[in-house]
Amino acid sequence: MDRFIIRGGRPLRGEIVIGGAKNAGLKLMVAGLLTAERLVLTNVPRIADIATMRDLLIQHGVAVEDVNGDGSAYAVGGEITSTEAPYDIVSKMRASILVLGPLLARCREARVSLPGGCAIGTRPVDMHLKGLEALGAEIRLENGYINARAPEGLIGERIILPFASVGATENLLMAATLAKGRTEIVNAAREPEIGDLVACLNKMGARISGSGSGTLVIDGVEALQGAEHRIMPDRIECGTYACAAGITGGDVRLVGGRLDDLGAVVRTLEEAGVEVTEDEKGLRVRRTGALRGVDIMTEPYPGFPTDMQAQFMALLSVAEGASMVTETIFENRFMHVPELNRMGARINVHGSSAIIRGVHALSGAPVMATDLRASFSLILAGLAAHGETILSRVYHLDRGYEAVERKLAACGANIERVRE
Ligand code: EPZ
């Protein structure tokens, strides 16, 4: 397993190109199941989860062509020969559950392994299943698999989500594009990645309105066609590198970053003493003075994103004053705390809240990654710490961030990957 060796204390200066969004790209690839024609996706991030999704689609029988031969663009399409999503893939990547809706819509049946929990929570899929039943699917859970069928096809319906679940919204949205009649998804998630998926589906001939409003209205059509779509920039990658600029006292240009996608994150950065300005190339992020403690509560979009919580925990651990971070989305997303405390942070967890007392400096230490965003929070701490930090289990990071050591080293960071 690869490790990172980081020697902290250098302010980051330079430019970082923001790649395509993992949490848009994964779903856009799944949208390719909705038509036999070619869906061409560009600006694809070269990360492990995208490769896993490619493998999942290929085992369903569709072609996934690496258009440029370098993983930057995929053409998805073809006939589906298997409607089963096996445990060994689904347990590796929970986003696999999103093939359920499209398989039901296109093939009227699906057998998808129940995704296990993961490090950050049990992550049930009850809202996905209840919503698909509302669209007329018959669903039976057996031997750890979801057995779903809709012999007469799906029928449009008004669905009210008890929680603005990103995945449930996406599964139901994609299923509804080929259902008979109108579907309304009320209390739909409003994350920008869903807006990107809606834009792509409409290019494919779907009839969806209400993007970003919290109520999606989908008028089913007979079939969808191929299209070409450029994946939106990754707002979480952008916010993560903004934290890197902030914690190191640097001045970094994030090429492709978009202020609109990062509303709550930018407001919180400014409150903490990190200045963010936008120009035609992207965002410029620099620290204007001492970091100040702020209070954060994670919420569905447009609130503060849970995927930025771990990164801000690192930033606030060296701010002046105290901060309180409350995680309302996942039940176990503080696993970075013990590792940050081993580097000298002073963080106390009380249930779903953590109190952070800022310290003057962190000290490098051997630490272990536990999940994708926690991995990066430890890198951020290492970039600011005195001395050497060794981060193990970097495979967690490689699932969702592309070329981290290259992007950081190009801005002056002393970081190297040791391959084992
Ligand atoms: C997506 O996960 C993202 N993953 C997550 O990013 C992100 O943290 C999350 O949305 C929230 O923004 C991808 O897009 C691949 P949810 P998802 O359904 O769809 C509960 C990352 O780091 N819930 O909005 O699984 C669930 O347990 C990852 O890139 C139910 O109870 O998120 C959780 O507590 C991590 N029943 C909460 O809702 C359901 O049927 C939010 O889940 C569905 C969800």
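**Entry 1: contacts and overall form**

I began with contacts in the chain between residues at least 6 apart in sequence: 73% of them join residues at least 24 apart. I note here that the model is predicted.

Next I looked up the secondary structure and found 14 helices and 24 strands. I then checked the radius of gyration. A compact globule of 420 residues would have a value near 22 Å; the chain has 21 Å, so the two agree. Along its principal axes, the C-alpha trace spans about 65 × 45 × 40 Å.

**Entry 2: surface and charge**

I looked up burial for the chain. Buried residues account for 59% of the 420.

**Entry 3: helix α1**

I turned to α1, residues 22–31. Nine of its ten residues are buried, so I logged the helix as mostly covered. The buried set includes both lysines K22 and K27. Also in it are A24, G25, L26, L28, M29, V30 and A31.

I picked β13, residues 215–219, and found it mostly covered, with four of its five residues buried.

Which strands pair with β13? On one count, β11 (residues 182–186) pairs with β13 in the antiparallel sense over five bridges. Here T183 stands opposite I218 of β13. β12 (residues 207–209) also runs antiparallel to β13, through three bridges. In that pairing S209 has V217 of β13 as its bridge partner.

I followed the chain from β12 to β13. The two form a hairpin with five residues between them. In the turn, G210 has a positive phi of about 95°.

The peptide bond from Y301 to P302 is cis, with omega near 10°. P302 sits in the loop between β18 (296–297) and α10 (309–317).

I then looked up positive phi in residues other than glycine. N187 has phi near 65°. Its place is the loop between β11 and α7 (192–203).

R393 is not a glycine either, yet has a positive phi of about 60°. R393 lies in the loop between β23 (388–392) and α13 (395–398). At 33% relative accessibility, R393 therefore counts as partly exposed.

Terms used. Residues are numbered from 1 along each chain as its sequence is written. This is a predicted model: local features need pLDDT of at least 70, side-chain atom pairs count only at pLDDT 80 or more; totals for chains, interfaces and linings use all residues. Side-chain values use heavy atoms; hydrogens and water are left out. The radius of gyration is taken over C-alpha atoms; the globule rule is 2.2 Å times the number of residues to the power 0.38. Buried means under 20% relative accessible area, exposed over 50%, partly exposed in between (1.4 Å probe, protein chains only). Contact means heavy atoms within 4.5 Å. Two strands pair if DSSP finds at least two bridges between them.
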